[in-house]
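Dear colleague,

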Amino acid sequence: MSLYAFSTENWTRPAIEVEALLHIFQDGLDMEPEEVWQRDVRLRWSGIPDGMPSEMPQSVLRTEHATRNRTALTLNMCLNYGGRTELTHAARALDRRSAAGTMNPDAITAGHVAAHLHQPGLPEVDLLIRTGGEMRTSNFLPWQSTCAELVFLDTLWPDVDRTHLWQAIDTCTRRDRRF
């Protein structure tokens, strides 16, 4: 499961709003005795540290390390994440390999790009749920969600509960998926 916690575009919001969002996330990472993490959840982080308070990337990486052996659910937290930024970073990594002579640029495949994403081992998105009545994907996992089923909810994210999730899954399973 991937959650869009904070996008690279969120930096354009008013400073007080940005600080509040980052504070909420930091508080969640600092929970004792790990209420959420006791449920056998493994945290992964997609995003970049640029612009974040210095302690936040360290906290995310600590939690990622502490939960690395958990197996019930992998939670990919997209924090300071933007799909275009992720693809740009992958392109830069492939360019560096080409410049170093370790990769022929004409031999670059989609698999090479995928291998340079923030979390290359995660599966592609099957179901993308967008909340809040918005009818767009907002730069969220563009590479990974090319074949995803899309469900749009009018409900705001804080009010989404398991009933909404089950309804979205039910909607998705009744579709004839053609890849």
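Two strands are taken to pair if DSSP finds at least two bridges between them. Helices (H or I, at least four residues) and strands (E, at least two) are DSSP runs, numbered from the N terminus. Please note that this is a predicted model, in which local features need pLDDT of at least 70 and side-chain atom pairs count only at pLDDT 80 or more, while totals for chains, interfaces and linings use all residues. Residues are numbered from 1 along each chain as its sequence is written, and side-chain values use heavy atoms, with hydrogens and water left out.

I begin with the strands. S4 (residues 127-130) and S5 run parallel and are joined by four bridges; within S5, Phe152 is the bridge partner of Arg130. S5 itself covers residues 149-152, with Glu149 and Val151 on a covered face and Leu150 and Phe152 on an uncovered one. In a regular strand the side chains alternate between the two faces of the sheet.

There is also an open sheet of three strands, in the order S1-S3-S2, with parallel pairing. Strand S1 (2-7) and strand S2 (41-46) stand at its edges, and each has a single partner strand, so one side of each is left without a neighbour in the sheet. On average, neighbouring strands of this sheet are turned by 20° against each other, direction ignored. Axes here are lines fitted to C-alpha atoms, for helices over the stretch in contact, and angles run from 0 to 180 degrees between N-to-C directions. S1 and strand S3 (residues 73-81) run parallel and are joined by five bridges, and Ser2 stands opposite Asn76 in S3. Helix H2 (residues 55-66) packs on the sheet, where it touches S2 and S3, and its direction makes about 140° with that of S2. Contact means heavy atoms within 4.5 Å.

Next, the interior. A nonpolar core is a set of buried Ala, Val, Leu, Ile, Met, Phe, Trp, Tyr and Cys residues joined through side-chain atoms within 4.5 Å; buried means under 20% relative accessible area, exposed over 50%, and partly exposed in between (1.4 Å probe, protein chains only). The largest such core has 14 residues, and Phe25, Leu43, Met56, Val60, Met77 and Leu79 have the most contacts inside it. Two or more residues each come from helix H1 (15-29), S2, H2 and S3, and H1 gives the most, with four residues. Leaving aside residues up to four places away in sequence, Met77 touches Leu3, Ala5, Phe25, Leu43, Arg44, Trp45 and Ser46. Apart from this core lies another, of seven residues, including Tyr81, Leu128, Phe140 and Ala148.

Aromatic rings came next. Rings of Phe, Tyr and Trp (its six-membered ring) pair if their centres lie within 6.5 Å; planes under 30 degrees apart count as stacked, over 60 as edge-to-face and the rest as tilted. The whole structure contains four aromatic pairs. Tyr4 and Tyr81 form an edge-to-face pair, because their ring centres are 5.8 Å apart and their planes stand at 75°. Since Tyr4 lies in strand S1 and Tyr81 in strand S3, this pair ties together parts that are 77 residues apart in sequence. Tyr4 is partly exposed at 27% relative accessibility, whereas Tyr81 is buried at 0%. The rings of Tyr81 and Phe140 are likewise edge-to-face, with centres 6.4 Å apart and planes at 85°. This second pair links Tyr81 in strand S3 with Phe140 in the loop between S4 and S5, 59 residues apart.

Where do the cysteines stand? A disulfide is a pair of cysteine sulfur atoms within 2.5 Å, and by this rule the count comes to zero. The sulfur of Cys147 is 12 Å from the closest cysteine sulfur, in Cys172, which is too far for a bond. Cys147 is partly exposed at 34% relative accessibility, and Cys172 is buried at 10%.

Finally, two backbone angles deserve a look. Asn80, in strand S3, has a positive phi near 55° although it is a residue other than glycine, and it is buried at 2% relative accessibility. Asn139, in the loop between S4 and S5, is not a glycine either and has a positive phi of about 65°; Asn139 is buried at 17% relative accessibility.

With kind regards
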